[in-house]
Amino acid sequence: MAKRRLSAATIAAQAGGYIDQASGGVVPPIQPSTTFVRDRDYAPHASGNIYARDDSDTVQIAENILAQLDAAQAALLFPNGMAAIAAVFRALPTGATVLVQAQIYWGTTKWVRDFCNRRGMVLVEGDLSKLDIIEKLCAHHEPNMVFIETPSNPWLRCTDIAHAAKTVHNVGGRLVVDATAATPILTRVLDFGADIVMHSATKGLNGHSDVLAGVLATNETESPHWKAILMDRHDAGAVIGSFEAWLLIRSLRTLHLRVEQMSKNAQMVAEYVQAHPNVQEVFYPGLTDFEGHNTAKLQMQGGYGSLLSFCIKGDRVKALRIVGKLDLFHRATSMGGVESLVEHRHTIEPNTGIPENLLRLSVGIEDVDDLIADLGQALA
Ligand SMILES: *Cc1c(COP(=O)(O)O)cnc(C)c1O
């Protein structure tokens, strides 16, 4: 009989079952050394460690937990999410064709456009959350790689991962999914047939707004693309420090509790703003009449995440006045932290199609009645 697969909650709480062999500690030590001695016969030390760019025990412990959380064969940590995304694209051959979801995390779109232009790659963008659009674009362009983000930021578009995987595999390409807003607690992306899952661990995975980190995970450790990513990280050196990796390990122990509470709170906040007379439209996968709800329901379990957006009735001035009146929601970018944040995205990205009346919330783990009361007085 196959061994029972542990739930993400158990993996998170027990740091992937880690026990420090030297001390018996249930918490791993931080190994800050950048270099490791050799024996008198010049063989590497028993640990096999040579130099910290590749041989950080602390980073490897964190990677082991992250791989287990995504039910993956392997995970690779990067110093932030963008470094992980950049590695995915850099590892493609020059001249490759990539299909990238439109209107996703702006940092991704901006960097990918510039990179593809410089590297002679064909970049096709489209709303890949629509089944007919991804089918048409895959058939027409036969991309080497499709990159989607689900749920997307800030529109919360939900893309059917299993359908996307089948569609791109049909034309011989690979599927990479940015699942930052879902986290492995809500969606184990590789189970739906994706080739690589990416998370900005700066967001929900770390969840305390005090570490920058990014991660890639896969079940295809022998694929040429994954091997090229591995070599790119080794040779170009985009590695995370051991202190950051240790803080991430510490944070991951409560990942399931944080994601569960944030999702519960976000659901109640979404329902509250949807019923508010000064709100025009709400974007949240947990709302049953939301466009992406049925897709989200297929591939998210236990909640729909901390991220939601809504358009108020009114203009830029009114939107900014509401933001200014909030007491509990911090006016700051980012998401997935224990504290609630609000953002006026149009101010940050003026010419990218974000409406001036759109507010984006990252809902934290505070008491939801306090959060709703704060929104109530600001929206009044
Ligand atoms: C923040 C974010 C990134 C980039 O991650 P960093 O850790 O900030 O580099 C990528 N994708 C999504 C969806 C994000 O929210």
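Reader: Is the crossing of α3 and α8 right-handed or left-handed?

Author: A crossing is left-handed if the near helix is turned anticlockwise from the far one by less than a right angle, and right-handed if clockwise. The crossing of α3 and α8 is right-handed. Helices (H or I, at least four residues) and strands (E, at least two) are DSSP runs, numbered from the N terminus. This is a predicted model, in which local features need pLDDT of at least 70 and side-chain atom pairs count only at pLDDT 80 or more, while totals for chains, interfaces and linings use all residues. Residues are numbered from 1 along each chain as its sequence is written, and side-chain values use heavy atoms, with hydrogens and water left out.

Reader: At roughly what angle do the axes of α3 and α8 cross?

Author: Axes are lines fitted to C-alpha atoms, for helices over the stretch in contact, and angles run from 0 to 180 degrees between N-to-C directions. Helix α3 (residues 81-90) and helix α8 (residues 224-236) have axes that come within 8 Å and cross at roughly 120°. Angles under 35 degrees count as roughly parallel, over 145 as roughly antiparallel, 65 to 115 as roughly perpendicular and the rest as oblique. The helices α3 and α8 are therefore oblique to each other.

Reader: Which residues of α3 and α8 meet?

Author: Contact means heavy atoms within 4.5 Å. From α3, Ala 87, Val 88 and Arg 90 meet His 225, Ile 229, Asp 232 and Ala 236 of α8. For classes, Ala, Val, Leu, Ile, Met, Phe, Trp, Tyr, Cys and Pro count as nonpolar, Asp, Glu, Lys and Arg as charged, and the others, Gly among them, as polar. The contact of α3 with α8 divides into four nonpolar, one polar and two charged residues.

Reader: How do the axes of α10 and α14 cross?

Author: The axes of helix α10 (residues 255-274) and helix α14 (residues 368-379) cross at roughly 30° and come within 10 Å. That makes α10 roughly parallel to α14. The crossing in which α10 passes α14 is right-handed. In α10, Asn 265, Met 268, Val 269, Tyr 272 and Val 273 meet Val 368, Leu 371, Ile 372, Leu 375, Gly 376 and Leu 379 in α14. By class, the contact of α10 with α14 has nine nonpolar, two polar and no charged residues.

Reader: What area do domain 1 and domain 2 bury between them?

Author: The size of an interface is often given as the accessible area lost when the parts come together. Buried area here is the accessible area (1.4 Å probe) that two parts lose on being put together, summed over both. Domain bounds come from an automatic or database domain assignment, which gives domain 1 (8-252) and domain 2 (256-379). Their centres, taken over C-alpha atoms, are separated by 26 Å. The contact takes 34 residues from domain 1 and 37 residues from domain 2. Between them the domains bury about 2700 Å², with 63% of it on carbon and sulfur atoms. Trp 155, Leu 156 and Leu 186 supply 26% of the area that domain 1 buries against domain 2, more than any other three residues.

Reader: Where does Pro 151 lie, and is the peptide bond joining Thr 150 and Pro 151 cis or trans?

Author: Most residues other than glycine have a negative phi, and most peptide bonds are trans. Pro 151 is placed in the loop between β4 (145-149) and α6 (161-170), and a cis peptide bond with omega of about -15° joins Thr 150 to Pro 151. Pro 154 also lies in the loop between β4 and α6; the bond from Asn 153 to Pro 154 is cis, with omega near 10°. As for phi, Ala 15 has a positive value of about 50° although it is not a glycine. Ala 15 is found in the loop between α1 (8-13) and α2 (57-69).
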